[in-house]
Amino acid sequence: TRNGGSSGAKKDDAAHLHQFVMHASLDFVDARVWETTNMHLRLVDKFNDLSVYAFVTAGGTRFLLLHDQRIEESNIGVFFHDVHELWLRVSMNPFHTKRTPILDKTFDLRVRECAKSHFP
Amino acid sequence: ARRARAMQRQGQTPSIVDRPLPKGRSEVSLSAFSFLFSELVQYHRTRASSIAELEQKLSEAGEGVGSRMLEVLAHREKSNRREIRLQGILQFINTNVWRCLFGKVADSLEIYNDDEYVLGDKSLVVNRYISVPKDLGDLNCGAFAAGVVKGVLRDAGFPAEVSAYYAEVDGQRTPKTNILMKFAPEVLEREKRLGA
């Protein structure tokens, strides 16, 4: 799961809430995956001013995007597509498993670059 | 990809994240693969305490391949479409996965019971150059291919018990390899819910 675009003065509280909201939204993702063959599920859950968007890969890996401001929905699709391409390269590594966190620094850098370019 | 070329010009090795995904048109020599596969079988043979455990190890090796095949082929050949119906994922394995791994689509796909489907291949590559000695009795190295199928089905959300077995064919000297898929009840329930 990837977290992008969150902002808040009380960093700790905000971080806990964001993580909670994203995990809670996974239940909605579980239901939505069987309704469409699209990987991009668009908006799956809202909590106050927080919106969660989801993208599910063919093998069931979920990308979640949490945002607290209004953003162009068309950019989200492109962002997810770019992250998907990056993630594919990481997951093809025979030593990578779905349970291990991705620690590749280049991956982290490229995802952040994507976020900056699609959500200025 | 542009970034990768720029880095190479500077003499740095680009991270795997920057290299383009392979187009899938490359091929590996059959002898190289057969050698590698035979080494894999021999490696596990010395460490497994039973035939079942040996087949289990081969199957596990295949699962990693299947899992990755599902992701890459969905992206490369199915323009990022996920399969949500049983028929869809079976066709995907029958056609896309088999063609990518073995250069041809599987020979047959049949239904045995509500929850059992069988994929057939007249001459499975992993079995073609394997001869099983008497003391290994029932061993079928097609367990590797069964593992590939199992990995695809599991990750796509259609968990199943998958095994490989031989079936004699009239008029053919070597038996064909059948891959039996027995689906978990939750798969059938969901299929019923989503409609015939």
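**Chain B: legends to the views**

**View 1. Charged side chains of chain B.** Chain B carries 29 positive and 25 negative side chains, with 11 Å between the centres of the two sets. Lys and Arg count as positive, Asp and Glu as negative; His and the chain ends are left out. Each charge is placed at NZ of Lys, CZ of Arg, CG of Asp or CD of Glu. This is a predicted model: local features need pLDDT of at least 70, side-chain atom pairs need pLDDT 80 or more, and totals for chains, interfaces and linings use all residues. Residues are numbered from 1 along each chain as its sequence is written, chains are lettered from A and ligands numbered from 1 in the order written, and side-chain values use heavy atoms, without hydrogens and water.

View 2. Strand 1 spans residues 108–111 and strand 2 residues 116–121. The two pair in the antiparallel sense over four bridges (pairing requires at least two DSSP bridges). Four residues lie between these strands of the hairpin. B:Ser108 has B:Gly120 as its bridge partner in strand 2.

**View 3. Elements along chain B.** Chain B holds seven helices and four strands (DSSP runs, numbered from the N terminus: helices are H or I, at least four residues; strands are E, at least two). From the N terminus, the order is α-α-α-α-β-β-α-α-β-β-α.

**View 4. Extent and burial of chain B.** The C-alpha trace spans about 60 × 45 × 35 Å along its principal axes. Of the 196 residues, 45% are buried (under 20% relative accessible area, 1.4 Å probe, protein chains only).

Terms used: Buried means under 20% relative accessible area, exposed over 50%, partly exposed in between (1.4 Å probe, protein chains only).
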